[in-house]
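Subject: Structure for your review

Dear colleague,

Please find below the structure that I am handing over to you. My notes on what was found in it follow.

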There are 2 protein chains.
Amino acid sequence: MTSTDASFLTDFVTMSSFGATANSGVDRQAATAADGQTRDWFVGLLISNGFTVDIDPIGNIFGLLEMVPGAPYVLLGSHLDSQPLAGRFDGAYGVLAAAHAAIRTRDRFVAEGTTPTFNLAVVDWFNEEGCRFKPSMMGSGVFTGLLDLAKVLATKDAQGVTVAEALHAINGVGTFSPPPLAAYSEIHIEQGRGMDDAGTTIGLVSSTWSARKYEIVVRGEQSHSGATRMKDRRDAVLGAAKVIVAVNDLLKNFEEEAVHSSISELYVAPNSPVTVAREVRFLIDIRARESSLLAQAYAHLQDAIALIEAECRVTVEEVGASIWESGPFLESGIELSRSSAETLGFTHDRVLTLAGHDATNMKEIVPTVMLFVPSGADGISHNEREFTTDADLVSGLTVFTDVVTRLALGELPESHLALK
Amino acid sequence: MTSTDASFLTDFVTMSSFGATANSGVDRQAATAADGQTRDWFVGLLISNGFTVDIDPIGNIFGLLEMVPGAPYVLLGSHLDSQPLAGRFDGAYGVLAAAHAAIRTRDRFVAEGTTPTFNLAVVDWFNEEGCRFKPSMMGSGVFTGLLDLAKVLATKDAQGVTVAEALHAINGVGTFSPPPLAAYSEIHIEQGRGMDDAGTTIGLVSSTWSARKYEIVVRGEQSHSGATRMKDRRDAVLGAAKVIVAVNDLLKNFEEEAVHSSISELYVAPNSPVTVAREVRFLIDIRARESSLLAQAYAHLQDAIALIEAECRVTVEEVGASIWESGPFLESGIELSRSSAETLGFTHDRVLTLAGHDATNMKEIVPTVMLFVPSGADGISHNEREFTTDADLVSGLTVFTDVVTRLALGELPESHLALK
């Protein structure tokens with residue numbers, strides 16, 4: 001291990017102390033005090049390493065290393081926020097790796113007297129997780145124009161606090177508008193077991209899974225949970241429970257693990273112990289390797305819902321839907337990563353990402369290269385048990401630094417096309 | 001309709017204006033501002049009608065009419081609090097009917113120069129509904145010694161406000177300790193459709209249904225709702241949904257409507273859209289005509305839960321249980337009510353109560369007589385559509401007044417035994 005690797009791991013331990021939980025995880029929901037502390041520490045790290053730091057109107061923190069005056073930037077980053085009681089690697093690893101990769105690359109260029117083609121910048125995207133404030137990937141969503149800034153700033157958490165108020169409370173808003181970008185790159189943990197099972201150190205992210213999220217409202221009618229005759233009830237909780245079971249059962253129509261589904265957030269009204277619920281709201285999350293599978297899954301679900309509506313005398317309304325079609329990453333970027341991993345002597349393979357990432361947004365507006373390192377502990381994520389070995393963290397940083405260096409040197413053809 | 005009936009209905013309309021909702025209901029959860037306004041109005045009504053008013057340490061409001069110095073009291077009452085978005089009849093009708101029945105009885109004794117055996121008192125029991133603060137029937141529970149005062153005062157609502165703080169905020173606490181009781185009587189809406197379907201005006205409550213409430217925690221493990229392999233998941237929401245369906249399915253083992261079951265309140269952790277839930281907490285409410293049916297229902301449920309635990313890789317733990325065995329009301333009280341209804345020319349029948357009431361607590365410590373009036377609108381309750389006709393409200397008050405008069409005259413033999 002080099003001294004720079006040791007310095008990276010030391011910084012990683014320090015970073016993991018902000019919002020640390022009892023079981024080695026972190027709890028740093030967006031714009032909470034713990035998120036603010038992590039961001040402040042990260043700003044300090046950037047400034048002390050020569051970055052110019054600024055914040056945009058949705059709270060994304062940018063650190064710029066201008067090496068070639070006026071040249072476009074290669075942007076590197078991920079997110080420092082976390083789910084509740086989450087792991088310390090998800091997002092945070094990528095942000096710290098971005099800073100260290102940029103520093104190493106800059107130092108190498110300076111030492112060698114190299115003038116690169118592009119400058120380097122790093123970013124901590126605000127609220128990638130989307131638990132306190134919805135939707136997820138909020139900072140990169142506003143940056144890429146997918147989300148409306150004013151609407152997002154007015155979004156409230158469960159306590160009625162707006163994004164604008166929460167960002168203000170952590171001194172997390174600015175007016176920065178970043179310069180033109182030549183490329184975006186991100187490294188992240190896999191959050192699945194595929195690479196660890198296969199013994200792959202470097203994942204070359206080749207495509208996203210398709211994902212559909214359906215906002216559902218099950219409507220019944222309030223009544224007394226003891227006195228009302230069963231046949232007169234229109235129980236929204238029972239209807240919702242049957243939809244949840246149906247969302248799981250529909251997987252039986254597909255090859256094992258080809259489709260994933262879940263419901264993980266529920267709101268019941270009035271949520272009183274002796275009143276049959278009038279309404280349950282939740283999000284159905286279905287993901288698949290290919291978009292065609294999702295269409296089939298949706299058809300199965302519609303059939304199941306029609307039966308549930310009749311059986312439970314409730315209505316099941318879809319009040320909103322978000323669709324992310326499966327999308328490939330740039331082949332030239334995958335090849336660039338592959339050759340870096342190959343040259344540096346690390347096992348590597350093409351991998352799909354089942355989770356959404358800021359890179360999923362960024363690849364729509366700029367040439368984007370994404371890398372994974374393995375997740376141990378059966379690939380568990382959004383859990384304090386989330387784990388990646390120091391060796392894998394350092395290997396990932398090594399390959400990522402090489403990729404970043406080559407991106408700065410203009411080796412990705414699409415970086416030049418993007419700026420035309 | 002007599003002028004006193006008209007005065008009752010006018011007071012009922014005024015009372016229904018506190019915490020009124022858009023659809024003719026009320027929303028007066030315990031110790032909220034709306035509950036406080038209703039209580040204050042009720043205290044004013046009592047004082048202006050010659051009652052001496054005081055409040056006990058758990059916020060029960062007592063109004064005393066002492067007609068025979070030093071004699072024990074016949075207590076009449078119900079509750080002014082409501083479920084969220086509830087009907088205007090549940091509880092409130094009984095409190096107002098108690099006040100009017102006591103006033104009519106007192107006025108008749110004064111006019112006739114009658115000295116009764118017992119004095120009269122009315123009560124608004126605090127927090128019968130148990131939605132904001134659990135458990136339900138809190139005020140009568142403390143009064144009868146079923147619940148511990150200190151523990152109850154420290155109970156918090158979902159926002160962390162204690163019962164003590166909430167009661168203090170509405171000036172709802174005192175130090176009153178009521179005098180000895182000779183009897184308790186309560187009139188309430190049926191909250192079911194049985195009487196309305198049968199054309200019965202006066203329900204002679206003969207027994208409570210058995211009820212069991214099980215506090216359940218389903219425990220899984222947090223993970224990423226998109227990335228985690230389905231076979232690696234331990235999804236607490238899926239496990240909970242299957243338990244909810246099982247609690248409904250177990251009714252298939254019984255005669256129709258012989259057993260009721262529901263789950264109406266759920267808490268999911270972490271309740272984030274992209275994190276498989278680690279924990280779901282809820283209360284299973286099962287009620288039946290006889291306790292033996294509940295034991296059978298519980299056995300069926302245990303079998304179902306064992307399968308769900310294995311299938312979903314979750315644990316389903318029962319962390320608490322409350323059991324109310326079915327219990328008869330006093331036969332002499334039922335006969336006293338029957339003869340009053342008969343003499344006054346109202347249709348009547350023995351009825352069971354599926355819902356719990358303050359009378360359910362009171363009958364354990366003092367001879368208790370309970371009456372029902374019909375619920376229209378298919379018997380719906382805990383709903384703004386809850387409805388009882390003015391004619392039925394007035395008929396109920398007429399019979400209740402006669403019952404109260406006879407109780408005050410010492411016609412219930414057990415009232416004398418109770419004081420030995």
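**Relation of the two chains**

Chain B is superposed on chain A by a rotation of 180° with 0.0 Å of shift along its axis, at an RMSD of 0.0 Å. That is the relation of a two-fold axis. In chain B, the C-alpha nearest this axis belongs to B:Ala241, at 2.2 Å from it. Please bear in mind throughout that this is a predicted model.

**The contact between the chains**

Chain B contributes 58 residues to the contact, and chain A contributes 58 residues. On the side of chain B that touches chain A, two or more residues each come from β8 (223-224), α8 (236-249), β9 (259-262), β10 (266-269), β11 (275-276) and β12 (279-288) of chain B. Of these, α8(B) gives the most, with seven residues. By class, this side of chain B divides into 24 nonpolar, 22 polar and 12 charged residues. Because 100% of the interface residues of chain B are also interface residues in chain A, the copies meet through the same surface.

**Helix α8 of chain B**

The buried residues include B:Ala240, B:Ala241, B:Lys242 and B:Asn248.

**Domains of chain A**

The domain assignment divides chain A into domain 1 (3-209 + 327-418) and domain 2 (210-324). Taken over C-alpha atoms, the centres of the two domains of chain A are separated by 34 Å. Their contact takes five residues from domain 1 of chain A and seven residues from domain 2 of chain A. The side of domain 1 that touches domain 2 in chain A has three nonpolar, two polar and no charged residues.

In soluble globular proteins, nonpolar side chains tend to be buried together. Here, the largest nonpolar core has 82 residues, and those with the most contacts inside it are A:Val74, A:Ala102, A:Leu371 and A:Val404. Helix α3 (residues 92-112) of chain A supplies the largest share of this core, 10 residues. A second, separate core of 80 residues includes B:Ala34, B:Leu96, B:Phe126 and B:Met137.

Beyond its neighbours within four places in sequence, A:Ala102 is in contact with A:Leu65, A:Leu76, A:Leu120, A:Val122 and A:Val404. Helix α3(A) is mostly covered, with 15 of its 21 residues buried. Its 21 residues should span 30 Å at 1.5 Å a residue, which agrees with the 30 Å between its end C-alpha atoms. Just after α3(A), A:Gly113 takes a positive phi of about 70°.

**An exposed strand residue**

Is A:Val319 buried or exposed? With 9 other C-beta atoms within 10 Å, A:Val319 is exposed. A:Val319 lies in strand β13 (residues 315-324) of chain A. Leaving aside neighbours within four places in sequence, A:Val319 is in contact with A:Glu215 and A:Val217. The C-alpha atoms of A:Val319 and A:Tyr214 are 7.6 Å apart, although the two residues are 105 residues apart along the chain.

With kind regards

Methods:
Residues numbered from 1 in each chain as written. Chains lettered and ligands numbered in written order. Least-squares fit on C-alpha atoms with pLDDT ≥ 70 in both. Contact = placed C-beta atoms within 7 Å. Helix = DSSP H or I, 4+ residues; strand = E, 2+ residues; numbered from the N terminus. Nonpolar A, V, L, I, M, F, W, Y, C, P; charged D, E, K, R; others polar. Domains from an automatic or database assignment. Buried ≥ 20, exposed ≤ 12 C-beta atoms within 10 Å, placed from the backbone. Core = buried A, V, L, I, M, F, W, Y, C linked by C-beta atoms within 7 Å. Expected span 1.5 Å × (residues − 1).
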